[in-house]
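Hi,

Here is the structure I promised to pass on.

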Amino acid sequence: MFAELDAALVAREQAGLLRVRKTVTHISGARVEVDGVAQLGFASNDYLGLAGDLRLREAAQAATPDFGLGSGASHLVSGHSALHATLEQQLSDWLGQPCLLFTTGYMASVGAIPALVGRGDAIFGDKLNHASLHDGCVLSGAAFKRYRHQDLAHLAQLLETTPARRRLIVVDGVFSMDGDIAPLPALLALAEQFDALLYVDDAHAVGILGQGKGTAAHWGLQSPRLIQLLTFGKAAGGLGAAIVAEPVIIQTLLQTARTYIYTTALPPLLAAALSCSVAIMQSSEGAAKRAVLQQHIAQLQAGVSGLPWRLLPSQTPIQPLWVGTGAAAIALSESLWARGVWVPAIRPPTVPVGQARLRISLSAAHTAADIACLLDALHASAKVLQ
Ligand SMILES: *Cc1c(COP(=O)(O)O)cnc(C)c1O
């Protein structure tokens, strides 16, 4: 077995697909130090620049005298603190439906989807859905059909031909490697037509779209058929997740979702920091941060003209620069790195073969000068790489 595993790793390395980690030694907003080398970061999902916010750090610190570090148990045993309860209430008040906290977004989907559908039921998922959704769908034991990315005619065809009684459509609200937004009005119309529920993973939409409320709010939608997953590791600047849905769904998840029941609750200090983060996302300050992001997006989109690579169409802070081969993506990423700009290359299997890209991630922590610096580095790289 060791020899087999070793051969697989060698094959991976020869294909240029061996992944290595960079070790971050210091972070200050978009400025990161990696193994002692200063870089301007376009790699993190800290879209609102809240991960380093002093108010969040202080909220976390203020929680420790009463609650310590860890929650000590799962929510249903003794891990559900007043700070968790406050955060849930705050989210419910904001989003208008009950909610349930999970420890990570990955765990939320892997637990919630199998809690809602199983053998004899059917799930319909976009092919570019996040891996956590995919895994939750497979784990559920329901018939799992994938439709071509954003191809609703294909989805309708699959829905028409299913005999299953319970049907669940599963999508990313904002697709994590493309930055495009799911067409929820059309998806909801299909859900109504075929009596399905619609599970929307808003990991990249919370704090960003719909006054920060997510993709459904962006489209002005409300429906008992909607189940929304929020995650707090991205724009919220922390870690954790919540599912927002009809009371009967929330109660079902609390009673039966295995990743809710059999895991330790989020540290209370994180719940305290997230309450602070959610308050900022709801406030005029949150709106101002979103406006800054829109300016950065416009500046980047205007500045890439003349480059040999194009940006995929995206109105979100995820701005993928299409490069093509994995090797070309690595070469560009390395050229930017040498110029003090960190933009990760995204290669297969994360994206389909031939669709390697640089995933430029913008943040309200960036300044206009930072975006200009990225553009300069891209233009300089184009001269040497072409
Ligand atoms: C990051 C991400 C997740 C996982 O969330 P975690 O809280 O980091 O586990 C789920 N879905 C999408 C689309 C993501 O990008």
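The buried residues of H8 pack against strands S6 (143-147), S7 (167-172), S8 (196-201) and S9 (226-231), and also against helices H7 (152-160) and H9 (215-218). Contact here means heavy atoms within 4.5 Å, while helices (H or I, at least four residues) and strands (E, at least two) are DSSP runs, numbered from the N terminus.

This is a predicted model, so to speak of local features I need pLDDT of at least 70, and side-chain atom pairs count only at pLDDT 80 or more, whereas totals for chains, interfaces and linings use all residues. Residues are numbered from 1 along each chain as its sequence is written, and side-chain values use heavy atoms, with hydrogens and water left out.

Back to H8 (residues 184-193): its buried residues are Leu184, Leu187, Leu188, Leu190 and Ala191. They sit on the same side of H8, because they cover an arc of only 160 degrees around the axis, taking directions from the helix axis to the C-beta atoms. Buried is under 20% relative accessible area (1.4 Å probe, protein chains only). Just after H8, Asp195 has a positive phi of about 50 degrees.

Residues around it (a heavy atom within 4 Å) include Thr104, Tyr106, His130, Asp172, Asp201 and Lys234. Taken alone the ligand exposes 380 Å², of which the protein buries 85% (Shrake-Rupley method, 1.4 Å probe).

Cheers

How values were computed
Buried < 20%, exposed > 50% of the residue type's maximum accessible area, 1.4 Å probe, protein only.
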